[in-house]
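The sequence and the structure are shown first.

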Amino acid sequence: SKHMNTINILRLDLMQAVPFKLKDANGRDLNQFFIGNFSDKLMTFVSLNNSDHMHGLSKLRRVMYVYEDNKLIRITTLSNKEQVEISRKVLIENIYNLQINFGEQLDEAEIDWPSIKYSSTTKYPNYIFLSYEMDNSVYKHVFSTFR
């Protein structure tokens, strides 16, 4: 059930992604809405989080997925301040050889997003390809940001 919950959380986050320009730690505009495979993060984007009930604060959250020590971790922060961590949750453990790619077409994918291959007007990848091994099985998923 943890495995299926992880996939559902990923899908829900991507469905709720909003076109909000990301800022760096110094508050400078990065001119990006979605970043993939940058630094130690698999994906970074802003999502509308309806389950977060912090009164007086926006419901927009920066969502970051991180892969470390064979664990997939979901981190949320304030949308404009990555250093203000709101939550950190290990979604699933004991996954190996995790790979994530991004693309505009089903038959082509890039390791990084944004890619120089796509125009600056392309805010999100159409497809996100995730593969990993767990419990002696190989899993492959295709996600979309629905944008």
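**The chain as a whole**

The structure is a predicted model. The chain contains one helix and nine strands. In sequence order, these elements follow the pattern α-β-β-β-β-β-β-β-β-β. Of the 147 residues in the chain, 40% are buried. The accessible surface of the chain is about 8,500 Å², and carbon and sulfur atoms hold 50% of that surface. Among contacts in the chain with a separation of 6 or more, 45% are between residues 24 or more positions apart.

**The five-stranded sheet**

Five strands form an open sheet in the order E1-E2-E3-E4-E5, and their pairing is antiparallel. Strand E1 (34-38) and strand E5 (81-93) each have a single partner strand, so one side of each lacks a neighbour in the sheet and the two stand at its edges. On average, neighbouring strands of the sheet are turned by 20° against each other, direction ignored.

Strand E2, residues 41-48, pairs with E1 over four bridges in the antiparallel sense. Within this pair, Phe38 has Lys41 of E2 as its bridge partner, and Gly36 stands opposite Met43 of E2. The hairpin of E1 and E2 has two residues between the strands, and Ser39 in this hairpin takes a positive phi near 60°. On its other pairing, E2 is joined to E3 in the antiparallel sense over seven bridges, with Val46 opposite Arg62 of E3. E2 is largely enclosed by the rest of the structure, because seven of its eight residues are buried.

**The helix**

Helix H1 lies across E1, E2, strand E3 (60-68), E4 and E5, and runs at about 145° to E5. Met15 belongs to H1, which covers residues 2-15. Is Met15 buried or exposed, or does it fall in between? Its relative accessibility is 46%, which means that Met15 counts as partly exposed. Together with Leu12 and Phe146, Met15 forms a nonpolar patch on the surface, and the three residues have about 320 Å² of accessible area together.

**The later strands**

Strand E8 (residues 127-134) is mostly covered, with six of its eight residues buried. E8 runs antiparallel to strand E6 (residues 96-105), to which it is joined by six bridges; here Tyr96 stands opposite Glu133 of E8. E8 also runs antiparallel to strand E9 (residues 137-143), through seven bridges, and Met134 stands opposite Ser137 of E9. Two residues lie between the strands in the hairpin of E8 and E9, where Asp135 takes a positive phi near 50°.

| Strand pair | Bridges | Sense |
|---|---|---|
| E1 and E2 | four bridges | antiparallel |
| E2 and E3 | seven bridges | antiparallel |
| E6 and E8 | six bridges | antiparallel |
| E8 and E9 | seven bridges | antiparallel |

Thr77 lies in strand E4, which spans residues 71-78. Because its relative accessibility is 1%, Thr77 counts as buried; the cut-off for this class is under 20%. Which residues is Thr77 in contact with, leaving aside its neighbours within four places in sequence? They are Arg61, Arg62, Met64, Glu82, Val84, Glu85 and Ile86. One of these, Arg62, is the E3 residue that stands opposite Val46.

Methods
Residues are numbered from 1 along each chain as its sequence is written. This is a predicted model: local features need pLDDT of at least 70, side-chain atom pairs count only at pLDDT 80 or more; totals for chains, interfaces and linings use all residues. Side-chain values use heavy atoms; hydrogens and water are left out. Buried means under 20% relative accessible area, exposed over 50%, partly exposed in between (1.4 Å probe, protein chains only). Contact means heavy atoms within 4.5 Å. Patches are made of residues with over 30% relative accessible area and no salt bridge: like charges are joined within 9 Å, nonpolar side chains (Val, Leu, Ile, Met, Phe, Trp, Tyr) within 5 Å. Accessible areas come from the Shrake-Rupley method with a 1.4 Å probe; for residues, only the protein chains shown count as cover. A salt bridge is a side-chain nitrogen of Lys or Arg within 4 Å of a carboxyl oxygen of Asp or Glu. Two strands pair if DSSP finds at least two bridges between them. Axes are lines fitted to C-alpha atoms, for helices over the stretch in contact, and angles run from 0 to 180 degrees between N-to-C directions.
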